[in-house]
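I opened a new page for this structure. My notes follow the order in which I looked things up.

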Amino acid sequence: MTQKVSYVASILVVLLSLTVISLAQSKVTFDHNTNATATTAFKFSNVPSPAKDDAAAKAKLTLVDGEIDDNGADLSALTDGLLPTEEDQPSANFFFNAGTAGGRFSLDLGNVIEIAQVNSYSWHPNTRGPQLYKLYASDGSDPKLNLTPKRGTDPVTCGWKLIGVVNTLGKEGEDGGQYGVSITDSRGSLGKFRYLLFDCYATEAADDFGNTFYSEIDVIARK
Ligand SMILES: [Ca+2]
């Protein structure tokens, strides 16, 4: 009997882990152009260059948690289709306030769309270049959905699905430059969603200037 129970339990474990695997097929790809090679073209080997007419271009952006750095642009810089023309151009980037541990913002795409890719771009000569964030998504249908979960609330517990964890941090001393990130899925679709939630972290705590200079975020609808 004990043997049978443990057999059933082990089958359940296998089934559960298969479920987890089938849900988690998203893939994070990133490219890094060093300070010496970065140009205003934001051209990368494996990640597409930023698009202007993507599904995020008309998204409504909301600060969910954290403070915006007054020295930079507001959230609209993330989806305006414009890119910095210099490696250290605060006015062309969104970043959380100096001395803070990042924060959260959301994108409302206006309606549910099937998303093929979410891409993010950043540029800074040193520690504010790399990207470190978690991406969550929701189609808006969960009755317990909280559209503005603060830090301390795991979005997964209030209607959000974890789509990917982005960490482009490199070896020490190689932080500066331009980063392009692309979150995709082997099935060609990340899923059908209306809302995206970015949970962004500072890339270092050695000084106050670890919050990433985010230049642009693209949401590419599945064709
Ligand atoms: Ca921009």
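I took contact to mean heavy atoms within 4.5 Å. This is a predicted model, where local features need pLDDT of at least 70 and side-chain atom pairs count only at pLDDT 80 or more, while totals for chains, interfaces and linings use all residues. I number residues from 1 along each chain as its sequence is written, and side-chain values use heavy atoms, with hydrogens and water left out.

**Overall layout**

I looked at contacts in the protein chain between residues at least 6 apart in sequence. Of these, 82% join residues at least 24 apart. Next I listed helices (DSSP runs of H or I, at least four residues) and strands (runs of E, at least two), numbered from the N terminus. The protein chain has one helix and eight strands. Their order from the N terminus is α-β-β-β-β-β-β-β-β.

I then checked burial. Buried means under 20% relative accessible area, exposed over 50%, and partly exposed in between, with a 1.4 Å probe and protein chains only. By this rule 45% of the 223 residues of the protein chain are buried.

**The calcium ion**

Which residues hold the protein donors of the calcium ion? I counted N, O and S atoms within 2.8 Å of a metal, or 3.2 Å for Na, K and Ca; water is not among the atoms, so sites may look incomplete. I found Ala77 (O), Asp80 (OD), Leu82 (O), Ser215 (O) and Glu216 (OE), at 2.2 to 2.4 Å from the ion. Their spacing in sequence reads A-x2-D-x1-L-x132-S-E. Leu82 sits in the loop between β2 (60-65) and β3 (103-124), and Glu216 in strand β8 (residues 214-221), so this pair ties together parts that are 134 residues apart in sequence. Leu82 is exposed at 52% relative accessible area. Glu216 is buried at 1%.

**Nonpolar cores**

I defined a core as a set of buried Ala, Val, Leu, Ile, Met, Phe, Trp, Tyr and Cys residues joined through side-chain atoms within 4.5 Å. The largest one has 28 residues, and those touching the most other members are Phe105, Leu107, Ile115, Tyr133, Leu196 and Phe198. Two or more residues each come from β3, β4 (132-138), β5 (161-167), β6 (177-185), β7 (191-200) and β8. β3 gives the largest share, six residues. I also noted a second, separate core of seven residues, including Val64, Tyr136, Cys158 and Leu197.

Leaving out residues up to four places away in sequence, its contacts include Ala56, Thr79, Tyr195 and Val219.

**Ala55**

Buried or exposed, or in between: where does Ala55 fall? It is partly exposed, at 27% relative accessibility. I located Ala55 in the loop between β1 (26-33) and β2. Beyond four places in sequence, Ala55 touches Leu109, Ile113 and Val219.

**Cysteines**

I searched for disulfides, meaning pairs of cysteine sulfur atoms within 2.5 Å. There are zero. Cys158 is buried at 6% relative accessible area, and Cys200 is buried at 2%.
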